[in-house]
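Here is a friendly briefing to read with the model open beside you.

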Amino acid sequence: MRKDKKFDKRLSLYSDYIVTGLNLNGFINGLKSRGVTLYEVKKISDKKIKVTVNYADNEKFFAISQELCYNIKKVGEKGKLKFGLFLVKNLGILIGAIIFWAIAAFSGDFVFSIEYEGSGKVFYRVADEYFKENGVSVGVRFSSLDLNSLSDGLTAYTDKFSFAECVKYGNRLKVQLVKAKEKEEYLNSAAENLVSDVNGIITSLSVYRGTAIKSVGDRVNIGDIIVDGFAVVRDKTVKVGVIAVATVDAEFIYEYFSQNEGEEEIASILAENSVGDGEVTGTSVSVDTNGEGFLYSVKVTIRRVLYSG
């Protein structure tokens, strides 16, 4: 396997892709085993990453992705040679495109800006990501867009918005966003207890019914009872259903072996994907080598919210 070269977008030409699918660890290892170097890896969600490969590896990247049944979408190129590539691909139509742009601009068919309005404007970055994935950006033609479908797709894309409407206003694409109400959590009042499903430290604890066995600051292990289903009433112990919420800060250790140096970011992404539910609050990576490769040990800290029932 070839050794990873230092990523320097000023000196060459690279392609960016969005990769969607399960077992992204297997996908990354499959590329590495066939000599395709990933120069940058960025986590988007549990089933989606953004990767950067050498432009010369595009054909091999496509073939491997198809063979492994992953969905990929090219989102652009970068590097010193990007402009030269653009000229090579488009020189024959460049003059015509400039003329067409001028005509279309005067006719109002080109998007000059995307503007967000409404209470959901605070989540404009989510809308930006949706538009990028669907090829909507400054410079596209309104005549190529289905504004009704874009509106419906935006509300289906995320639970941040309860309503979205895309409207053409001159050369501007105006997007009206209404922020969705936060979902209410319902606790099971018949729960026998509140049990920890991780190893960690309790950072908050609210007991509405039942008796706390543990306190804030206590360390708990998987299976430990935090709140039990009893209460003392007039010196008599009675059984009750537990209603309680606890927050636990837990740590996980994930190990990733590679023959390549400098893959701390890849190791961190794979580690975060492996921990399950919970908000990732921190990662740290240590690297050991024995001459045969590099062992990346990633410590991931997550904040896990536990509900009774």
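Glu-117 is partly exposed, with a relative accessible area of 31%; partly exposed is the range between buried (under 20% relative accessible area) and exposed (over 50%), with a 1.4 Å probe and protein chains only. Glu-117 pairs with Lys-174 in a salt bridge whose closest N and O atoms are 3.5 Å apart. The term salt bridge stands here for a side-chain nitrogen of Lys or Arg within 4 Å of a carboxyl oxygen of Asp or Glu. This is a predicted model, in which local features need pLDDT of at least 70 and side-chain atom pairs count only at pLDDT 80 or more, while totals for chains, interfaces and linings use all residues. Residues are numbered from 1 along each chain as its sequence is written, and side-chain values use heavy atoms, with hydrogens and water left out.

**Salt bridges**

- The structure holds 8 salt bridges.
- Glu-272 forms one of them with Lys-43, and their closest N and O atoms are 3.8 Å apart.
- Because Glu-272 lies in helix α6 (residues 264-274) and Lys-43 in strand β2 (residues 38-45), this pair ties together parts that are 229 residues apart in sequence; helices (H or I, at least four residues) and strands (E, at least two) are DSSP runs, numbered from the N terminus.
- Lys-43 counts as partly exposed, at 26% relative accessibility.
- Arg-303 forms a salt bridge with Asp-249, with the closest N and O atoms 2.9 Å apart.
- That pair links distant parts of the chain, with Arg-303 in strand β17 (residues 294-307) and Asp-249 in strand β15 (residues 243-258), 54 residues apart.
- Arg-303 counts as partly exposed, at 34% relative accessibility.

**Around strand β5**

- Glu-115 lies in strand β5 and is partly exposed, with a relative accessible area of 26%.
- Which residues does Glu-115 contact, leaving aside its neighbours within four places in sequence? They are Arg-172, Leu-173, Lys-174 and Val-175, where contact means heavy atoms within 4.5 Å.
- Glu-115 and Lys-174 are 59 residues apart in sequence, yet their C-alpha atoms are 4.9 Å apart in space.

**Overall make-up**

- The secondary structure comes to 6 helices and 17 strands.
- Of the 309 residues in the protein, 35% are buried.
- Among contacts between residues at least 6 apart in sequence, 65% join residues at least 24 apart.
- The protein exposes about 18300 Å², and carbon and sulfur atoms supply 52% of it; these areas come from the Shrake-Rupley method with a 1.4 Å probe, and for residues only the protein chains shown count as cover.

**The largest pocket**

- The largest pocket has a volume of about 500 Å³.
- For your own comparisons, a pocket is an open set of points on a 1 Å grid over the protein atoms alone, where a 1.4 Å probe fits, with protein on both sides within 12 Å along at least five of seven lines; lining residues have an atom within 4 Å of a point.
- Grid points are joined across faces, edges and corners, and the volume is the space filled by probe spheres set on the points.
- Of the 14 residues that line the largest pocket, Ile-18, Ile-44, Lys-50, Glu-129 and Lys-132 are the closest to its centre.
- Two or more lining residues come from each of β1 (13-20), β2, β4 (71-79) and α4 (124-133).
- The lining has 3 nonpolar, 2 polar and 9 charged residues, with Ala, Val, Leu, Ile, Met, Phe, Trp, Tyr, Cys and Pro counted as nonpolar, Asp, Glu, Lys and Arg as charged, and the others, Gly among them, as polar.

**Helix α1**

- In helix α1 (residues 24-33), the buried residues are Leu-24, Phe-27, Ile-28, Gly-30, Leu-31 and Lys-32.
- The buried residues of α1 pack against β1, β2, β3 (48-54), α2 (58-67), β15 and α6.

**The β13-β14 loop and strand β14**

- Arg-234 lies in the loop between β13 (230-233) and β14, and its phi is near 50°, a positive value in a residue other than glycine.
- Asp-235 is in the loop between β13 and β14 and has a positive phi of about 65° although it is not a glycine.
- Arg-234 counts as exposed at 81% relative accessibility, and Asp-235 counts as exposed at 79%.
- Val-238 lies in strand β14 (residues 236-239) and counts as partly exposed at 27% relative accessibility.
- Not counting residues up to four places away in sequence, Val-238 touches Gly-229, Phe-230, Ala-231 and Val-233.
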